[in-house]
Amino acid sequence: MNPVRLFGIETEYGIAREDSETADPVVESMELVRAYLDGHFTRRWDYRGEHPHEDQRGFRVKELAQDKEEDLFAEQDAHRPFSFHEMKSDLVLPNGARFYNDHTHPEYSTPECRTLKDIVAHDRAGERILWVAAQRRNEVLGGRVVQLYKNNTDFHGHSYGCHDNYLVSRSINFESLVRGLLPFLVSRQLIAGAGKVGRETQEKGFTPGGFQISQRADFMETELSVDTMHNRPILNTRDEPHATREHYRRLHLILGDANMCEYATALKVGTTRVVLDMIAEGFVPSFDLASPVEAIQDLSLDPDLKVLVKRKQGGNILGLDIQRDYVQQARKVLSDIDEETEWILQEWEQVLHQLEHDPLQLVGKIDWVTKRWLLESFVQDEGIGWDDPWLASLDLEYHNIDPERGLFCGLEAEGRTTSISQENDIHEAMKHGPLDTRGGLRGLCVQRFGEDISSIQWEGVHFNGEKGKLHFDLLDHLDPTSVAHCRAMLMDAKTPQDMIESMTVPK
Amino acid sequence: MKQTNQFTQLVGSLDRKERPVDPISKPSGPGEESGPKRPETDSPSRDNLMKRMRKVDPKQAEKYRQRTGE
């Protein structure tokens with residue numbers, strides 16, 4: 001089993017100004033983030049921990065496919081009257097999350113979580129925090145003109161991501177991870193897809209008509225790659241562990257859709273975590289897919305779940321059967337099935353059964369099923385075709401986080417969705433990080449000594465101490481015992497200096 | 001703190017009905033029904049949703065443009 005269970009979700013939101021066609025998206029995204037906190041941005045993100053050119057396959061690429069575009073953006077951004085740090089407006093919040101302007105998308109990255117209950121609450125907390133920011137920004141603008149979308153496409157061929165991340169032991173070689181994960185990831189959309197009308201490519205834009213399971217499948221171009229904005233891979237190979245490199249990897253998955261259904265978020269992260277546990281126990285799938293990229297798109301384009309994809313070893317297989325094979329193997333392979341894992345396996349089995357026999361049972365639980373049901377009802381009521389452009393607008397509006405406009409929000413208000421978290425879990429997650437992860441420690445540093453922080457990132461916090469610079473290293477605080485120890489020290493300390501000294505001097 | 005009060009006020013105004021599923025204590029087997037019931041085709045809540053959908057600008061997606069992200 002993986003030595004440490006730790007995961008998190010990064011979500012880039014779509015942002016629109018409905019009162020202006022000429023609004024600058026960089027400025028809009030920046031202003032939205034800045035609207036969340038008052039005052040100056042002294043809590044600067046430390047970019048030294050970022051290594052997007054390092055590849056898990058053991059090399060470093062000279063350049064990414066997006067480097068030229070990034071350079072062009074940087075050139076354009078340089079003409080704006082803001083510094084790099086002002087434009088990024090990179091915040092670490094009191095709950096340990098990161099909230100910033102990722103070029104033109106407000107991005108919310110949850111703090112590291114250890115349980116499904118926490119990751120769902122923190123993902124929802126992100127939606128609420130963005131909604132608070134949007135309300136404040138709209139107060140300044142004098143109307144409800146800024147709208148935010150938790151989705152992955154603009155229906156013009158531009159996609160933006162929702163990445164799920166998992167800490168994995170470096171002792172599992174990368175080839176085993178790839179082999180063990182690929183068939184699972186290709187078919188994971190059946191339980192975690194957010195649904196989309198039409199088809200898209202970055203080159204040709206949007207073609208209306210039909211409904212598919214995944215928002216991102218159209219944008220998957222290769223099996224493995226370190227790139228994230230072009231030539232997008234099913235399995236991203238970026239080697240940026242944000243933990244001790246000799247001991248850990250970070251699996252950075254960019255193929256997933258942003259989920260509105262809490263239940264889908266829990267199953268997406270839960271099943272992926274289970275498969276990683278299986279691989280750590282030596283699991284190797286009994287088959288490989290002949291063409292994973294073709295398969296991910298073929299499966300997405302068939303919401304009736306009848307399409308067969310080719311196996312490398314010969315024969316064909318249904319997406320549902322790929323998923324069934326994993327859940328059946330999990331029961332054989334996993335030596336220690338705790339309560340959360342049992343919940344994942346039972347719900348996983350049940351969802352696969354319902355997808356085959358009675359998918360409407362999954363309305364309010366699985367996004368693509370929910371969206372398809374809503375759109376089908378609308379198509380029937382209005383007597384329009386599936387190629388009507390109105391459907392793309394409704395698809396977009398499913399993901400609007402405005403409670404008075406969003407279609408998912410409407411379903412939720414009608415009590416037709418399944419919640420994993422309670423309201424108070426979400427409120428708590430907006431204010432505090434998980435008690436048992438370093439994300440909670442990071443948040444506590446912001447709460448207690450925010451004014452003293454000179455820079456901060458996933459791996460540590462730098463303070464301006466009375467006697468000079470201080471560094472709180474979070475790299476190795478991954479297990480709950482170590483986190484609890486640090487938490488006690490942090491709560492008792494009166495200054496950052498106190499805290500660092502109490503952690504280094506044995507009592 | 002002033003900021004916390006504003007924060008709680010804004011969040012408290014959100015409408016959300018509770019239909020909790022405890023992710024670790026109440027597992028149910030395949031074939032057993034949990035979560036929301038099969039959607040009813042003529043329920044009042046369906047009408048509310050259809051009203052909300054009809055208010056959506058048919059050209060909204062056409063006007064919506066984003067930069068490529070990650």
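**Entry 1: the sheet**

I began with strand β1 (residues 7-12) of chain A, which is joined to strand β7 (residues 105-109) of chain A by 3 bridges, the two running antiparallel. Strands here are DSSP runs of E with at least two residues, helices are runs of H or I with at least four, and both are numbered from the N terminus. Two strands count as paired if DSSP finds at least two bridges between them. E10(A) faces S109(A) in β7(A).

This is a predicted model, where local features need pLDDT of at least 70, side-chain atom pairs count only at pLDDT 80 or more, and totals for chains, interfaces and linings use all residues. Residues are numbered from 1 along each chain as its sequence is written, while chains are lettered from A and ligands numbered from 1 in the order in which they are written.

Next I traced the sheet. It is open, with 6 strands in the order β5-β6-β7-β1-β9-β14 (chain A), paired antiparallel. β5 (91-92) and β14 (248-253) of chain A are at the edges with a single partner strand each, so one side of each has no neighbour in the sheet.

**Entry 2: strand β6(A)**

I looked up burial here. A residue is buried if 20 or more other C-beta atoms lie within 10 Å of its own, exposed if 12 or fewer, and partly exposed in between, with C-beta atoms placed from the backbone. In strand β6 (residues 98-102) of chain A, 5 of the 5 residues are buried, so the strand is largely enclosed by the rest of the structure. R98(A), Y100(A) and D102(A) lie on one side, F99(A) and N101(A) on the other.

β5(A) and β6(A) pair antiparallel over 2 bridges, with L91(A) bridged to F99(A). Their hairpin has 5 residues between the strands, and G96(A) in the turn has a positive phi of about 85 degrees. β6(A) and β7(A) pair antiparallel over 5 bridges. R98(A) is opposite S109(A) in β7(A). That hairpin has 2 residues between its strands, and H103(A) takes a positive phi near 65 degrees.

What does L394(A) touch, leaving aside its neighbours within four places in sequence? I found L375(A), F378(A), L407(A), M53(B) and V56(B). Contact means C-beta atoms, placed from the backbone, within 7 Å. Helix α12 (residues 390-398) of chain A has 9 of its 9 residues buried.

**Entry 3: D387(A)**

D387(A) is in the loop between α11 (367-382) and α12 of chain A. I find D387(A) partly exposed, with 13 other C-beta atoms within 10 Å. Beyond four places in sequence, D387(A) is in contact with P208(A) and G209(A).

**Entry 4: domains**

The assignment gives chain A domain 1 (7-425) and domain 2 (437-504); such bounds come from an automatic or database domain assignment. I get 30 Å between the two domain centres, taken over C-alpha atoms. In chain A, 18 residues of domain 1 are in contact with 19 of domain 2.

Notes:
Contact = placed C-beta atoms within 7 Å.
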